[in-house]
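Please take a moment to look over the sequence and the structure below before reading on.

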Amino acid sequence: MTRASTFLAFVALGITLLLVWRQSWRGRVRLYVAQSWVLAALALTLGILARRPALVVVGIGFAVMKTWIIPAVLRRMARGSPVRPVSPGRSAGLPVLAAGALVVAAYAVMLPISGAVASGVPTRTAIPLAFAVGLIGLFLAVTARDALGQVIGFLVFENGLFALALLATYGLPGIVEVGAFLEVLVVVLLMEGVVVQIRREHDSLDVDRLRELRG
Amino acid sequence: MIAVLLAIPLAGAGLLAGIRGRLATALHAATVMATLAIGLAVAVTAARGTEGVALDGFLRVDALSGWMIAVIVSVAALAGAEAPRYAGDGAHRAFYPLLHLMVFTMLLAVSTDDVGVMWVAVEGTTLASVFLVNADRTRASLEAAYKYLLICSVGIAIAFCGTVLVYYAEVLRQQTAIEPAPHALRWTGLVAVAPSLSPRVLALAFVFVVVGYGTKAGLAPMHTWLPDAHSEAPAPVSALMSGVLLSVGVYAIARFKPVVDVAAGPGLATRILLALGLLSLAVAAVFLWTPSNYKRMLAYSSVEHMGLVALGLGFGGVLGVSGALLHVANHGLAKSTLFLLAGRIRAAYGSADIGSVRGLVTTLPFSGRAFVVALFALLGLPPFGLFVSEVMIFAAGFGHGYAWFSAAALALVVIGFAGLLRAGHRMLLGVNAGAAPARPAWPGAIPIVAALAALVLTGIAWPPGLDDALALAAKAVVP
């Protein structure tokens with residue numbers, strides 16, 4: 001179980017790094033879908049190995065939502081956007097380097113969980129990897145120049161935290177799990193509404209144009 | 001009773017989604033009144049020391065929850081009384097339903113005993129209020145709503161991370177413990193097992209919880225969404241957001257604090273809360289000196305007051321915590337009153353710029369005077385309640401050995417005080433050229449006068465039982 005969960009979390013992290021490197025939008029959405037498949041597989045694996053049928057259900061729900069519904073909403077949001085983000089010609093080297101530093105930071109922060117504690121769940125070695133995915137997602141959201149990039153960053157962040165919750169607890173109580181799913185869905189739908197309106201108002205999704213409110 | 005309290009705003013929201021016109025206003029009024037009556041009844045029962053339990057322990061109202069419920073339903077009644085001026089057609093059609101949905105999520109957050117469900121409810125407050133922030137559909141309100149949704153969603157996800165770590169600590173404990181595992185993570189259960197939770201995991205969890213829920217509470221440096229959202233939202237929404245929604249974030253932190261104090265030692269939570277509290281005071285002091293827009297000014301004042309509440313929780317002891325809780329109530333009443341009046345001022349002058357408001361009292365005889373009185377209350381002048389709660393918080397600070405720290409905080413409060421006073425002064429003075437004097441309508445005065453009277457009560461004439469209720473509520477935070 002340790003080996004399987006660490007492997008899958010590692011793959012998810014690798015996909016996140018690719019996502020930082022990719023500049024094109026469609027590529028990013030595709031990578032997001034790939035990452036979601038990996039995390040759904042993680043839920044299924046844990047569900048089978050730890051004999052938690054609820055986790056299998058969670059994994060299936062996760063797959064439906066994050067590889068099908070949310071990407072559909074994202075593509076709808078992206079309609080009419082340039083394929084590449086607003087500021088072209090930026091090198092991807094620096095962000096990838098920063099993402100690498102965040103992986104180290106994730107290990108440092110999660111030391112109380114993955115390190116010295118002798119007991120603990122067998123999946124604990126994978127927890128810093130999941131947290132790193134979350135941190136890199138947050139980094140993407142903060143540094144994005146357009147609203148779509150911010151939304152993708154947020155979704156990657158959210159994926160990382162889902163993996164963290166999975167690895168740390170083998171599934172939260174059903175109501176919390178359902179709540180968390182619904183929230184992500186509603187956030188994305190609300191985002192779509194707001195993004196569509198931003199495009200209508202500003203003719204662009206460049207967040208630098210959002211500068212009405214100061215002081 | 002508790003289940004009914006939650007069912008009313010939820011049912012009201014559902015029904016109002018399908019109703020228009022005068023019937024909607026009547027139903028809205030009925031929902032507001034029923035929520036207020038039952039909420040206060042639940043709060044009084046809890047304050048007398050009887051814990052209310054419903055739905056198999058899923059809902060549990062102790063004195064702390066009861067206190068929060070009282071504040072929520074009172075501010076909701078104030079905002080609800082003003083709401084008919086704002087609800088209408090077009091983008092405002094969803095106004096009533098979303099308003100009641102927001103009240104429902106806040107009530108659920110403070111009355112559930114389940115750690116995870118509290119998180120779901122707090123996230124729900126954001127989702128319910130995003131479109132309310134953008135109700136005016138201007139560029140500025142759109143930008144505010146976008147920032148609000150993005151920043152608070154990130155914040156709440158960080159709080160989720162903290163919640164997961166608390167679950168993890170419980171999983172670790174169950175591996176070594178003999179007693180059977182509880183089905184879900186309840187506050188009551190968590191407080192009971194706190195001594196055997198892993199201190200390092202809990203410490204890490206608390207950092208996430210404070211950053212996450214602190215974002216919702218508007219504590220600096222996570223406050224950046226707050227001035228935008230609170231200034232762009234329609235007045236009743238600003239009143240609810242500033243008056244209680246911020247405090248619901250603080251409540252979430254307060255619930256985690258006793259668990260962390262026992263598991264990881266008392267120093268950690270105190271240090272974090274004091275640092276964030278002082279930073280909030282500092283940020284607010286700077287921005288209160290440079291306001292251009294009076295709604296933004298009120299929003300920055302909320303950052304300041306949430307900082308004070310965080311200080312009260314950080315200083316700890318029954319005195320500090322009850323000071324913080326009393327401050328939550330006082331600030332809720334004063335700030336929501338001010339936001340509602342700011343909405344009327346904006347309607348009269350057509351602008352939220354401080355520079356465009358002149359001769360406030362001659363233009364709006366009632367609302368202008370009430371604005372000044374409420375501003376004095378907000379500044380913490382006697383005979384209003386904020387004076388008492390601020391004295392309690394600082395007395396706890398000086399009494400518990402944080403003399404230098406308290407002195408610094410007090411200095412920042414004074415700086416903010418002066419800035420707020422200066423801006424209020426500018427609005428009062430001068431002669432209004434444009435707007436014609438408005439005739440005051442007495443029904444609109446009732447809720448404002450009631451709120452100010454309540455502030456005088458908490459200032460100079462505590463109703464019997466208030467001190468016991470406060471002490472009992474504080475006991476939930478001070479183990």
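**Helices, a buried residue and a contact between chains**

Helix α6 of chain A is mostly covered, with 15 of its 17 residues buried; a residue is called buried if 20 or more other C-beta atoms lie within 10 Å of its own, exposed if 12 or fewer, and partly exposed in between, with C-beta atoms placed from the backbone. Helices here are DSSP runs (H or I, at least four residues), as strands are (E, at least two), and they are numbered from the N terminus. From its first C-alpha to its last, α6(A) reaches 24 Å, close to the 24 Å expected at 1.5 Å a residue, where the expected span is 1.5 Å times one less than the number of residues.

This is a predicted model, in which local features need pLDDT of at least 70 and side-chain atom pairs count only at pLDDT 80 or more, while totals for chains, interfaces and linings use all residues. Residues are numbered from 1 along each chain as its sequence is written, and chains are lettered from A and ligands numbered from 1 in the order in which they are written.

The contact between the chains takes 36 residues from chain A and 37 residues from chain B, two residues being in contact if their C-beta atoms, placed from the backbone, lie within 7 Å. On the side of chain A that touches chain B, the elements giving two or more residues are α5 (111–114), α6 (127–143), α7 (147–169) and α8 (174–202) of chain A, and α8(A) gives the most, with 13 residues.

In chain B, helix α8 (residues 199–217) and helix α10 (residues 235–264) have axes that come within 9 Å and cross at roughly 170°, the axes being lines fitted to C-alpha atoms over the stretch in contact, with angles from 0 to 180 degrees between N-to-C directions. α8(B) is therefore roughly antiparallel to α10(B), since angles over 145 degrees count as roughly antiparallel, under 35 as roughly parallel, 65 to 115 as roughly perpendicular and the rest as oblique. Among the residues making this contact are B:Phe206 of α8(B) and B:Phe256 of α10(B). α8(B) itself is mostly covered, with 15 of its 19 residues buried, and just after this helix B:Gly218 takes a positive phi of about 75°.

Finally, B:Val32 lies in helix α2 (residues 21–47) of chain B, and B:Val32 counts as buried because 25 C-beta neighbours lie inside 10 Å. Leaving aside residues up to four places away in sequence, B:Val32 touches B:Ala76, B:Ala77 and B:Gly80.
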